[in-house]
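Notebook open, structure loaded. I'm jotting down what I looked up, entry by entry.

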Amino acid sequence: GKLKESYKSLIDKFKASEIKMEEGLKSLKSQRGTVVDQLFKELHNQAFEKIDCLQCANCCKTTGPLLLPIDIQRLAKAKKMSSGVFLKTYLKLDEDEDWVFKSMPCPMLGENNYCSVYEDRPTACREYPHTDDGNMKQKLEITKKNCAICPAVADIVTRLGNA
């Protein structure tokens with residue numbers, strides 16, 4: 001799965017003006033948190049009006065979620081396995097002692113970019129790309145990193161930088 005050309009161009013556009021975008025993100029630090037959150041929420045909604053995750057799934061192909069104990073229980077149940085068998089089959093401990101998938105793309109990613117466990121997907125997947133979570137001033141670093149993965153985030157930050 002190659003990234004859809006129009007989505008790749010959003011990421012490329014961000015990369016081409018990364019310094020300007022970084023300045024735009026830094027300028028947000030001096031604004032009130034509620035103002036920043038409202039701005040992100042508006043841009044998030046606009047971005048996802050034109051971007052369809054099922055046309056992309058780059059996050060599922062390139063970055064694995066950190067799995068919480070509740071996620072592991074939910075996923076094991078969805079896969080009709082014990083938590084122990086699920087752990088052995090799909091997961092490993094990373095360098096921070098967090099549970100992550102052994103391999104990428106995500107083993108739960110099915111045909112046509114559908115998640116085979118969508119209703120039971122991990123918390124990190126439910127919240128990704130975090131641009132409408134609130135508390136955005138604390139998430140500017142991860143938001144910058146996500147610009148290289150998610151075309152919607154790249155679009156949001158590019159429009160922020162041009163605002």
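**Entry 1**

I started at R74, which is partly exposed at a relative accessible area of 23%. For me, buried means under 20% relative accessible area, exposed over 50% and partly exposed in between, using a 1.4 Å probe and protein chains only. Before going on, a reminder that this is a predicted model, where local features need pLDDT of at least 70, side-chain atom pairs count only at pLDDT 80 or more, and totals for chains, interfaces and linings use all residues. Residues are numbered from 1 along each chain as its sequence is written, and side-chain values use heavy atoms, with hydrogens and water left out.

R74 meets D71 in a salt bridge, 2.7 Å from N to O. The term needs a side-chain nitrogen of Lys or Arg within 4 Å of a carboxyl oxygen of Asp or Glu. D71 is buried, with a relative accessible area of 0%. Helices here are DSSP runs of H or I with at least four residues, numbered from the N terminus.

**Entry 1: other salt bridges**

How many salt bridges does a search of the whole structure find? I got 6. One of them joins K8 and D12, with the closest N and O atoms 2.9 Å apart. They are 4 residues apart in helix α1, about one helical turn. Both ends are partly exposed: K8 has 36% relative accessibility, and D12 has 34%.

R159 and D155 make another, at 2.9 Å from N to O, and they are 4 residues apart in helix α9. D155 is buried, at 4%, while R159 is partly exposed, at 25%. Salt bridges with shared partners link K50, D155 and R159 in one network.

**Entry 2: helix α9 and the cores**

Next I checked how enclosed α9 (residues 151-161) is: 10 of its 11 residues are buried, so the rest of the structure largely encloses it. Those buried residues pack against α1 (5-16), α2 (18-28), α3 (33-50) and α8 (140-146).

I then looked at nonpolar cores, meaning sets of buried Ala, Val, Leu, Ile, Met, Phe, Trp, Tyr and Cys residues joined through side-chain atoms within 4.5 Å. The largest has 26 residues, and F14, L25, L28, F40, C147, V157 and L160 touch the most other members. Helix α9 gives the most to this core, with 6 residues. Leaving aside neighbours within four places in sequence, F40 has contacts including L25, L28, I156 and L160; contact means heavy atoms within 4.5 Å. A second, separate core of 11 residues includes I72, F86, Y90 and F101.

**Entry 3: rings**

I found 1 aromatic pair. F86 and Y90 have ring centres 5.0 Å apart and planes at 45°, so I logged the pair as tilted. Rings of Phe, Tyr and Trp (its six-membered ring) pair if their centres lie within 6.5 Å; planes under 30 degrees apart are stacked, over 60 edge-to-face, and the rest tilted. Both residues lie in helix α6 (residues 83-90).

C59 is in no disulfide, and its nearest cysteine sulfur, that of C60, is 4.0 Å away. My total for the structure is 0 disulfides.

Methods. Disulfide = S-S within 2.5 Å. Helix = DSSP H or I, 4+ residues; strand = E, 2+ residues; numbered from the N terminus.
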